[in-house]
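Work through these exercises with the model open beside you. Each has a task and a stepwise solution.

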Amino acid sequence: MADIAAVPLAQASPPRGALARAERFVWLTARVLEQRLFAHHFRDGDAVPVETALEAYRNDDGGYGHALEPALRGPASLPAHTARALHVLDAVGRCDARRAEGVCRYLASVSTAEGALPAVGTHVNGGGAARPPGSLAATAPAVGLLHRNEVWHPWLFRATDFCRQAVESLEAARPGDVEAAVLFLDHAPDRTRAEAAAERLGRLVRRERLVVLDPDGPGHACGELPHDYARTPDSLARAWFTDAEVERSLDALAAAQRDDGGWPARRLPGAPEFTPGALLETRSLATIEALRTLTAYGRLV
């Protein structure tokens, strides 16, 4: 592992380069978990410290809480926290069946009869009589990540069917639904059906103008860019956009890095407004995600 212990925080001049500036931002503002993630992705850090940091957010019910998803505060397990934990485990190559068993048990306990998870910000109680309705945006990321890692659990059969039907029936979609659908379709087991659904979804995104294709165009509104859907070049969503559209999107992503080295936060649909602390924590997540996207496209050197 590279030596990251002696990073100077007080410098005569700001560090140069997107990665160096982001590194300084992470050391100054991020939680231990994101610091360990940054080290893993960009400084040859081991996966074990990431797992150790993540363990602090796990509850006895198999879910995760304690503001793992920074916008949602409090200790209680929530599907959004638990999906974030799956993102972390997947990012460091540790989302295997053994580690995912408790996660799936928790997700099954709070899902609807169809296997769907409630919307972001909805408090659920596994023993409660009333269950909130299921949400594609909440369910699809967890299901997609579990399929990506070839994890199987009885709950996944129902949840997969829910996601397929929800994706294939999308008409008036929101960007958050589309992003979640892509994560599901990228890893769904029936590849022919997934590719057909992705092609249809791409046409819907362009027809309904759910993406900003020219970030520098006059009068464009703040919205999703192509890279928000196609996080990596091998995503099914990459085929929705031309090379020029993707390059403009990545240019805008690179240019969004702020003077302090971090990227701006993106609020989850349905989540409350950020508190000052949650805003900083979310910016660290956004910074790592931006760097990973730029790296995937060969734009970070």
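Ring pairs link Trp 27, Phe 38 and Phe 42 into a cluster. The model is predicted: local features need pLDDT of at least 70, side-chain atom pairs count only at pLDDT 80 or more, and totals for chains, interfaces and linings use all residues. Residues are numbered from 1 along each chain as its sequence is written, and side-chain values use heavy atoms, with hydrogens and water left out.

**Exercise 1.** Describe the ring pair of Phe 38 and Phe 42.

Step 1. Rings of Phe, Tyr and Trp (its six-membered ring) pair if their centres lie within 6.5 Å; planes under 30 degrees apart are stacked, over 60 edge-to-face, the rest tilted.

Step 2. The whole structure holds 5 aromatic pairs. In one of them, Phe 38 and Phe 42 sit 5.1 Å apart, centre to centre, with 50° between the planes. This pair is tilted.

Step 3. Helices here are DSSP runs (H or I, at least four residues), numbered from the N terminus.

Step 4. Check accessibility. Phe 38 and Phe 42 are both buried. Buried means under 20% relative accessible area, exposed over 50%, partly exposed in between (1.4 Å probe, protein chains only).

**Exercise 2.** Describe how helix α1 (residues 18–29) packs with helix α12 (residues 276–296).

Step 1. The axes come within 10 Å and cross at roughly 150°. Axes are lines fitted to C-alpha atoms, for helices over the stretch in contact; angles run from 0 to 180 degrees between N-to-C directions.

Step 2. That angle makes α1 roughly antiparallel to α12. The cut-offs are under 35 degrees for roughly parallel, over 145 for roughly antiparallel, 65 to 115 for roughly perpendicular, and oblique for the rest.

Step 3. List the contact residues (heavy atoms within 4.5 Å). From α1 come Leu 19, Ala 22, Phe 25 and Thr 29; from α12 come Leu 280, Arg 283, Ser 284, Thr 287 and Leu 291.

**Exercise 3.** Where do Glu 150 and Arg 209 lie, and are they buried or exposed?

Step 1. Look at the backbone. Phi of Glu 150 is near 55°, a positive value in a residue other than glycine. Phi of Arg 209 is also near 55°.

Step 2. Locate them. Glu 150 is in the loop between α6 (136–148) and α7 (154–168). Arg 209 is in the loop between α9 (191–207) and α10 (226–229).

Step 3. Read the accessible areas. Glu 150 is exposed at 70% relative accessible area. Arg 209 is exposed at 75%.

How values were computed:
Helix = DSSP H or I, 4+ residues; strand = E, 2+ residues; numbered from the N terminus.
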